[in-house]
Each structure stands twice: as C-alpha cells, then as structure tokens.
Amino acid sequence: MRVVIAEDLALLREGLVALLRENQIEVVAQVEDGPGLLRAIAGHKPDLAIVDVRLPPTFSDEGLLAAIEARRRQPALAVLVLSQYVETAYASELVGKDTAGIGYLLKERVGDVRAFLDALHTVAAGGTVLDRQVVAELLAPRDGTTGALSGLTAREREVLALMAEGRSNTAIAESLIVTPGAVEKHITSIFAKLELSACHDDHRRVLAVLAYLRVSS
Amino acid sequence: MVCQALLARRHETIADVSQRARLPISLSLTPGAKPRRWMPTLAAGLSIGEYARSLVRRLALLTAVLLAAIWALSGQGYFWPAWAWLGLGDLVLLDFSASWAWRQPRGAVRRVACVWALVGAAAVILIFTWLLTWLLAGAHTFWPAWALLGLATSGSAYSLIALHDRVLVAHGRRALRARIDMLTRTRRQAVDAQAAELRRIERDLHDGAQARLVALTLQLGRAELRVQEQPEIRGLILDAQREAHHAIAELRDLARGIVPPLLADRGLVAAVESLAARYGLGTAIEVDTRRWLAPAIESAAYFVIAEALTNTAKHACAERSWILLRGEHRMLVVVVGDDGCGGADPSGSGLAGLRARVEALDGSLSVDSTDGSGTILEARLPCG
C-alpha cells in the first residue's frame, strides 16, 4: 500500500510515518497543505491519502476540500480524513455520492494503533469507515421528533454504530461481548426496522447504513 | 417768496415724478401686461409687506436721483443732496439689516442679531456722516471713533450675556457626543478583539495542545505494540493513553464551548444549518443576507439561535420551528420562532445572558412568548 500524508504538525506527521513504516506500509510523500496534497497525488499516484481537515494557511477546512478535490481528480484514490472534532456536515460532504474508499475519523483514534491500521486497510480496500462519534451524533435520540431510529433498542444502536465503523460481525460480537449469532439477530432486526434489505457483505452493510443516515440527516 | 415758489415747484416735480414712477406699476397690474423687471408686482406672489418694502426702496432711489437732478439744474454749488441721500440710505440700510436679523432662528440668537443690526446700521450712519463732513466741510478728526468703540463694546457685551449659556451648553453637548462616540467605538473594538482572540484560542487548543496530545497517544500506541509480553508496562501505557484521551475530549469540549468549529471554519449559515440538523426539529431556515459578518456578530447570532433551539426542543412541544437571518439596512436581524406552547420567561438566566451578549454589541433582543401561541425571539445586531 502506498500512502500520502497531509498533516501540518510535524510531531504527529512523523509519528504516523514511523507507525506506517513499522507496519510495512510505504509512505511515498508527506505534505503540509492542500495544494501540496494535490501535487503529491498527481506525482506519486498513491493508493491512500491520510488528510488532516485543518491545514495551513487558514486552518479551517482546506484539508477536507483538498481531499474532495483529490477524489474528483483520481476517483480510485482512497481517502482517510482525520479531524480534531466531528462534524456530520463534513462527513456527508466527504462521502458524497461514492462511499467507496472513504474514511472519516477523529484524530485521537490513531492512538488505538490496531484499530487505526484496520481502518487504513478497510479504506484502502474500498471500504467505508466512519468515526463512532459521527454515527452516535446521527443516531442520538432527538428531542421533539420520533424518527425511525428511535425505534431501535439501545443495543441495536450500538450494533449499528459499530457497523458504520466498518466492523465485521465477529468484531462487533467481541466488542459487545456477545455471540456472533446474537449480533446477526440484531442486524436482521435493525434492517427490518430501517426497512433496508439485509445482506451479509460488510461493505454493503455500511453503504446501507450510510444511505440511511444521509437521507435522515 | 422765491423760496416758497421753489419749494412748491419741487413738490410738484416730486409728485409728477412719483406719478410717472407709478405708471409702470399700474400698467403691470393690468391683465395681460408683461411685468417689468425693475419693479416686482403683487401678481408675482409677493406679500403686502414685501411689496411695500420694495416700493419704498425704489421710491427712495428715485427721490435720490431727482434731488441730484434738482441740485444740478438749480445751479449746483454746495452739494446738499448728499445729506438727503444719507437719510434715505439709512432707511434702506435699516430695512436690510432688520430683515437679515429677522431671518435668524428665534430666541437669543435673533435678539443678538437685532442688536448687531442696529449697531451695524448706526456704525454705517456714523461713518458716512463723518465722510460727508470730511468731504463737504473739511473736518479732519475722526470724531465717530469713540462712538463706534462704544457701540462695538455694548454689542459684544450683550452678545456675551445673551449667548453665554448657549455656548457653554453647546460645548458640553459636543464634548458628551465625542465621548459617546469614542466609548461606542472602543467598546466595539474591545468586543471584536475579544471575539478574534477567542477564535485564536479555539484554534490554538485544536492545533496546539490537542494535536500534541494526539501525537502523544500515537507514540504510546506504538510503545504498547512493542511490550505485548510485559503486561505490567502495557497496563501502564494503556492507562496513560486513557488519560490522554480524557484530556483530548475535555479540550475539545472546551474549544467547542468557546467557538463551535463549524462557525469558525465556515461561517454562520453553515453552523446554523448543522445546529438545526442536530436538534432534528425540522427547522426551516431562511437566509436573506450575504453580508460579511464580524466574528463577534456571528458568535452572538449563533448563540442566540442555539439557545432558542434548545428551549424549543426542551419546553415548547412545537410542531413547526423556523429561523430567519435577514440583512436590514445596517442590521443583522435574527428571528427564531416556533408554534409551541409559549410562556417563556424573558428574565430567565438563559435569555438574560443572551440579552447581555446582544446589548454589548449595541443590539437588541425581544421575546414574544404568550401562553399557547408559540415563541418568537428576535435579535437585531448592528453590522455596519
């Protein structure tokens, strides 16, 4: 896997480079801003770009805009956007129409090294990974409304959130300390309540969740 | 006898001339006749007073010319018509100065103007009288000097007494206005500086301390991978990582409370849309302004909307909710409304805090919340 990293804080950028190299992932370029990212993907044709939302010079949403532009230029490029805070508006802009190879995670998730590497591989393989906070925010019970999501039980919400993070049934079962069969049952129930057709492919499950979330937000 | 005859002839002549002088007037009064330029008419829309004054002025002019002619015809010699001219000129001068004084604003100013009109007329009369005595009789000393000095002194003394209060009050008012202008400007600068500073702090928290903590958790994560076989050390590392995560979450909440990141990054409209979506009240948003807004105004508008939506979600049981952002002259008008149960307390702590925030920007906040007919909160923020 060939990766480009766009991050302005040197300490974090170097940490990421070291982590990826230790895990046999090739970092072909490190850049500090949006135009640098576009040049790097044009020059190196990487498989994956890891991009910080806030980049110089204005430190607002240049990273996000650069990531979207990079995807427009190279639709096959997988993009993992890291952010200090979760914003559902950013998530839905990033996801756009094509959810393949998209990730949106809180920056601090890099600390959980194994999950972070898993997320990298999922996104690079064309999967979708959303931070559990994005999902939580979208699934949060809302005052004054009785949406379809309010029909889910607390456990079903947990399962849905983990599904949106791109986890497999086995991983969800481990995380919730239940049997894979129980997870299957929850998923069937969720799909029934959300009126989505059930399917077993992980990636397509996330797509289904995302499709639903996009409509509801 | 000769004198009487002369006088009689002169009277006749004056009467004749007056008769002739009136002729064009009577002509001009006849319908269809073209008015003459040198004599205005009643038909031209003059008031009786103005008409009489212009008549007197012209008669004076005619008399002056006539007297000069009589002097020329009666063998010249001592130029006596000059004294008649002086008398006629005084009349006209008094008329002009009095009408000028009358045009001044009522009260002390007009009184002072009247005094100066009299003083001015008297001074001119004095100076001309002296001029005539000098030219006709050869007087050498400038005898009106003391009289002029006296007139000027008394005129000034009267002005000083009459306008003394006005001058002081006007000065006080000017000073007060300048002070208010300065306070308004500096308060606005202080509020703007504070808003800019808060945004800088928010950015520094995200990109400084928080980012360093993230780098720290990454290093800890890498360390943890290498000590899989030493559970004690691994436990310590995981504890440290957990602490770092707590610190990051706290910093994030702190930064969000200062300025919501979307507001700082994308401005008011994007932030309000995200806010409304988060509450899920199906809030309708109408934006009718494209004006650039100062950070302080954006933040105030955002927190007004956030507070209003929180109240709607918590208490209103509303079916409909709406937000309107409108540019009006040099104001940003923010209206947040719902059709819920109403009855919001305008003196409650939340609304009082908002009011203080809005008023610090010279804006105003009004709440209309009668029982059973919804709540409408309107903030007007100056943004010129």
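Let's start in a loop: A:Ile177 sits between helix 8 (169-176) and helix 9 (180-193) of chain A. Everything here comes from a predicted model. A:Ile177 has a positive phi of about 55°, even though it is not a glycine. From there we can look at the two chains, what is packed inside them and where they touch.

- For background, most residues other than glycine have a negative phi, and most peptide bonds are trans.
- Is A:Ile177 buried or exposed? A:Ile177 has 6 other C-beta atoms within 10 Å, so it counts as exposed.
- Over in chain B, B:His329 also gets a mention, with a positive phi of about 50° although it is not a glycine.
- You'll find B:His329 in the loop between strand 2 (321-328) and strand 3 (331-338) of chain B.
- B:His329 is exposed too, because 8 other C-beta atoms lie within 10 Å, and the cut-off for exposed is 12 or fewer.
- The peptide bond running from A:Pro56 to A:Pro57 is cis, and its omega is near 5°.
- A:Pro57 belongs to the loop between strand 3 (48-52) and helix 3 (62-73) of chain A.

**The two chains at a glance**

- Chain A is built with 10 helices and six strands.
- Of its 217 residues, 47% count as buried in chain A.
- Take the contacts in chain A with a separation of 6 or more: residues 24 or more positions apart account for 62% of them.
- Chain B has 10 helices and five strands.
- Chain B runs to 384 residues, and buried ones make up 23% of them.
- In chain B, looking at contacts between residues at least 6 apart in sequence, 65% join residues at least 24 apart.

**What's packed inside**

- In general, nonpolar side chains tend to be buried together in soluble globular proteins.
- How many residues does the largest nonpolar core have? The count is 69, and the residues with the most contacts inside this core are A:Leu37, A:Ala49, A:Val51, A:Leu80 and A:Val81.
- Helix 5 (residues 145-226) of chain B gives the largest share of this core, seven residues.
- There is also another core lying apart from that one, with 38 residues, including B:Val272, B:Val304, B:Ile323 and B:Leu354.

- A:Val81 is part of strand 4 (residues 78-83) of chain A.
- Why does A:Val81 count as buried? A:Val81 has 25 other C-beta atoms within 10 Å, and the cut-off for buried is 20 or more.
- Skipping neighbours within four places in sequence, A:Val81 is in contact with A:Val51, A:Val53, A:Gly63, A:Leu64, A:Ala67, A:Leu94, A:Gly103 and A:Tyr104.

**Helices side by side in chain A**

- The axes of helix 2 (residues 34-44) and helix 3 of chain A come within 9 Å and cross at roughly 25°.
- Angles under 35 degrees count as roughly parallel, so helix 2 and helix 3 of chain A are roughly parallel to each other.
- The crossing of helix 2 and helix 3 of chain A is right-handed.
- Helix 2 of chain A brings A:Gly34, A:Leu37, A:Leu38 and A:Ile41 to the contact, while helix 3 of chain A brings A:Glu62, A:Gly63, A:Leu65, A:Ala66, A:Glu69 and A:Ala70.
- By class, that contact has six nonpolar, two polar and two charged residues.

**Helices side by side in chain B**

- Helix 8 (residues 268-279) and helix 9 (residues 295-316) of chain B have axes 10 Å apart and pack at about 10°.
- That angle makes helix 8 of chain B roughly parallel to helix 9 of chain B.
- Helix 8 and helix 9 of chain B also make a right-handed crossing.
- The residues in this contact of helix 8 with helix 9 of chain B come to 12 nonpolar, no polar and one charged.

**Where the chains meet**

- The contact between the chains takes 30 residues from chain A and 37 residues from chain B.
- Helix 1 (10-22) and helix 4 (88-95) of chain A are the elements giving two or more residues to the side of chain A that touches chain B.
- Helix 1 of chain A supplies the largest share of that side, seven residues.
- The side of chain A that touches chain B divides into 11 nonpolar, nine polar and 10 charged residues.

Key
Residues are numbered from 1 along each chain as its sequence is written. Chains are lettered from A and ligands numbered from 1 in the order in which they are written. This is a predicted model: local features need pLDDT of at least 70, side-chain atom pairs count only at pLDDT 80 or more; totals for chains, interfaces and linings use all residues. Helices (H or I, at least four residues) and strands (E, at least two) are DSSP runs, numbered from the N terminus. Two residues are in contact if their C-beta atoms, placed from the backbone, lie within 7 Å. A nonpolar core is a set of buried Ala, Val, Leu, Ile, Met, Phe, Trp, Tyr and Cys residues joined through C-beta atoms within 7 Å. Ala, Val, Leu, Ile, Met, Phe, Trp, Tyr, Cys and Pro count as nonpolar, Asp, Glu, Lys and Arg as charged, and the others, Gly among them, as polar. Axes are lines fitted to C-alpha atoms, for helices over the stretch in contact, and angles run from 0 to 180 degrees between N-to-C directions. Angles under 35 degrees count as roughly parallel, over 145 as roughly antiparallel, 65 to 115 as roughly perpendicular and the rest as oblique. A crossing is left-handed if the near helix is turned anticlockwise from the far one by less than a right angle, and right-handed if clockwise.
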